[in-house]
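I opened this notebook to record what I looked up in one structure, entry by entry. The entries follow the order in which I went through it.

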Amino acid sequence: MTSDANARVLGRTRDVFEYVADFKNLESWYPGISNTVTTRGGKSLGIRTQYQMDQKIGNFKVKTLYEVVDMVQDKKIVYSVGSDLHTSTVQLVFMPDPNNPGFTMVRLMAHTELTEWRRALEPVMAGTFNKLPEQGLQSLTKLFSSANTPIRNAHMDAHAAKATAPKGWNFSAMFNSLKSEMRNDSPGSSGEWSAASASELEVDALGYYAALGLDGSKPRAVTAEAIKSAFRKAAQSLHPDKFSLADDEDRAEAEESFRKVQRAYEVLKDPVKRSIYDQGKLQQLEEAMSA
């Protein structure tokens, strides 16, 4: 079960990161969290810092263990999550709003699996887990926008930054800025993502159009409706349920093809992701984000 949510929250990136990355603050914004205690690590946050908390997920109440497994100061934090109900890998990415540094863009991505003896509940629990990142970021947005925001001077900083900031923020700006931010951190980089010419780009580099049975050599000719229709057709023909009686090799091949169809549709249905993919830069961007 994979979920992904974005939010624009009030506060400079450094302050937002420090608050959100401190798991003792999870109770104030993430759904169902209570009674958080530090089980490993000191006052300062770092790799292998560990927290235990009570968590209510749907109708389940569990003891959950959170552990920091990767962190880049003010940019991202990755942690593993475990309980008797589930295991998760969660990544939070932070970046300044390119049009107003008094705000921060936060992206929360989670991959969750139910523990083996709970997997029969996946059809019931999938919706609950998929909603948690979005619910959490909505709560965080409200918290930082309130009069009781835990970030001092957040409203004043945002107002001051707005006076000199260009207008027209959108998620395209978020992706473009994120590419520059990540590339600037690479050793030996000039800090710029060069605009590749058409001859330098590999058309349908990851085979997403082909996976849906579409012509990727002329991506601009492929409409959103065509993508939706192709996905429905491919999903019906490749759904794992149709291969339940097949041998292991055929079933595994069908499952892999089905996952690629799902991934292709996830990218191509999103105008921003599709534009980046058509420029041949999606894989490069995702590698930068996971670095």
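**Basis.** I am working from a predicted model, in which local features need pLDDT of at least 70 and side-chain atom pairs count only at pLDDT 80 or more, whereas totals for chains, interfaces and linings use all residues. I number residues from 1 along each chain as its sequence is written, and side-chain values use heavy atoms, with hydrogens and water left out.

**Whole chain.** I find 9 helices and 7 strands in the chain, taken as DSSP runs numbered from the N terminus (helices H or I, at least four residues; strands E, at least two). Of its 291 residues, 42% count as buried, a term that I use for under 20% relative accessible area, with exposed for over 50% and partly exposed in between (1.4 Å probe, protein chains only). The accessible surface comes to about 16,100 Å², and 50% of it belongs to carbon and sulfur atoms; the areas come from the Shrake-Rupley method with a 1.4 Å probe, and for residues only the protein chains shown count as cover. Taking contacts (heavy atoms within 4.5 Å) between residues at least 6 apart in sequence, I note that 56% join residues at least 24 apart.

**Aromatic rings.** I looked up ring pairs and found 10 in the structure, a pair being rings of Phe, Tyr and Trp (its six-membered ring) with centres within 6.5 Å, stacked if the planes are under 30 degrees apart, edge-to-face if over 60 and tilted for the rest. Phenylalanine 23 and tyrosine 51 make a tilted pair, with 5.0 Å from centre to centre and 45 degrees between the planes. This pair links distant parts of the chain, since phenylalanine 23 is in the loop between helix H1 (13-21) and strand S2 (33-40) and tyrosine 51 is in strand S3 (residues 50-57), 28 residues apart. Phenylalanine 23 also pairs with tyrosine 66, here edge-to-face at 5.7 Å centre to centre and 80 degrees between the planes. Tyrosine 66 belongs to strand S4 (residues 60-72), 43 residues from phenylalanine 23. I find phenylalanine 23 and tyrosine 51 both buried, and tyrosine 66 is buried as well. Ring pairs join Phe23, Tyr51, Tyr66 and Tyr79 into a cluster.

**A charge over a ring.** Arginine 8 lies over the face of phenylalanine 103, at 4.0 Å from the ring centre; the criterion is NZ of Lys or CZ of Arg within 6 Å of the centre and within 35 degrees of the ring normal.

**Helix H2.** I checked the length of H2 (residues 122-145): its 24 residues should span 34 Å at 1.5 Å a residue, which agrees with the 35 Å between its end C-alpha atoms. A kink of about 35 degrees lies at leucine 132, shortly before proline 133, the bend being the angle between axes fitted to the seven residues ending there and the seven starting there. Among the buried residues of H2 are Phe129, Leu132, Pro133 and Leu137.

**Single residues.** Arginine 152, in the loop between H2 and helix H3 (154-162), counts as exposed because its relative accessibility is 71%. Its C-alpha atom is separated by 8.7 Å from that of glycine 11, 141 residues apart along the chain. Asparagine 35, in strand S2, has a positive phi of about 55 degrees although it is not a glycine. Arginine 48, in the loop between S2 and S3, likewise has a positive phi, of about 75 degrees.

How values were computed: The expected span of a helix is 1.5 Å times one less than its number of residues.
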